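Please report on selected local features of this model. Cover a helix, a set of strands and a single residue in its surroundings.

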Amino acid sequence: MTNNHTPIIHVEHLTKQFGTFTAVDDVSFEVQRGEVVGYLGPNGSGKTTTIRMLCGLLRPTTGVAKVIGADVVRNPEMIKRQIGYMSQKFALYDDLTVQENLEFYAGVYEIPLETQHQRLQEILKMAGLEDRPKTVASQLSGGWRQRLALGCALVHKPLLLFLDEPTSGVDPLARREFWDLIYDLAHGGATVFVTTHYMDEAEHCGRVGFMNTGRLLAFDTPRALKHQYLNGAAWALSVTPLLEAVEVLSSLEGIAQARLHGDQAQIILASTQWTPQSLSARLAEQQITVSAVETVEPTLEDVFTLLAHTQGE
């Protein structure tokens, strides 16, 4: 068991190989109690493999991982009893009602019968499902299914909650509402570790880690990541003609990304070789006129673009 000063997750040089393929490559980080941590990256980047190792479901090839003080290799069963895990395809029983699904998982987690009713009422209220206990799970929309899946993962009051792509396939409104639930849990003292490929969701997290091709590229607060990697390195250009400018900018060395953003071209700089003057002069050689260059507020998607670009060099 951990105390309040011990990391609730400690990962050191964690690696997982499947034959000759390395899914997770030498990853190290820590998560403190009460944090909401986002683990981000494109599909296939190693996020789910990491989370399955931390849940004690997959044995690491090398490295150390401790969750709530227990080693994932030596004592996975202790971990499983103390965490909540919502997988990408959570095993809801479609032919059971909302209430029956919750009762099933209460039985799996051995919730005492004398406290089970009160706990399930708490879960229904938390998930906004108090008016739907008799609704069959197969009749729920994607957003409501995710709420029920979250409730099932929380029925035993876990210290740590793992959510693997919890908002995948649901509409934007349902995604925002789900994140409200996550922060309600965090305010109640839970620690939440959530994987996602939606970069905008990272802005909701206290700290974020960026995964790409099995490597952990960075791990810090959104503000610190933007300051460290993109301090002044995101520009918006007012250019004519616009489409040709984006095409030329995309081909230039030292520019990680160029894309349309409204009626401007927005770029992410991968080096300090360009100034507004030198870039304008370079575009002028291609008969492209630059009327303005301004530094813009970067996003975490911009950070990831730069990190992935740098990794690929």
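The report below takes these topics in turn.

The model is predicted.

**Helix α1.** Helix α1 spans residues 47-54. Of its 8 residues, 6 are buried, so the rest of the structure largely encloses this helix. The buried positions are K47, T49, T50, I51, M53 and L54. Just after α1 comes G56, with a positive phi of about 80°.

**Strands β1, β4 and β5.** Strand β4 covers residues 62-67 and pairs with strand β1, residues 9-18. The two run antiparallel. Strand β4 also pairs with strand β5, residues 70-71, again in the antiparallel sense. The table lists both pairings.

| Strand pair | Sense | Bridges |
|---|---|---|
| β1 and β4 | antiparallel | 5 bridges |
| β4 and β5 | antiparallel | 2 bridges |

In the pairing with β5, V67 has A70 as its bridge partner. Strands β4 and β5 make a hairpin, with 2 residues between them. One turn residue, I68, has a positive phi of about 50°.

**Residue D302.** Helix α10, residues 300-312, contains D302. Is D302 buried or exposed? Its relative accessible area is 1%. Buried means under 20%, so D302 counts as buried. Which residues does D302 contact, leaving aside neighbours within four places in sequence? They are L230, Q257, R259, Q266 and I268.

Technical notes. Residues numbered from 1 in each chain as written. Predicted model: local features only at pLDDT ≥ 70, side-chain atom pairs only at ≥ 80, totals over all residues. Heavy atoms only, no water. Buried < 20%, exposed > 50% of the residue type's maximum accessible area, 1.4 Å probe, protein only. Helix = DSSP H or I, 4+ residues; strand = E, 2+ residues; numbered from the N terminus. Pairing = 2+ DSSP bridges. Contact = heavy atoms within 4.5 Å.
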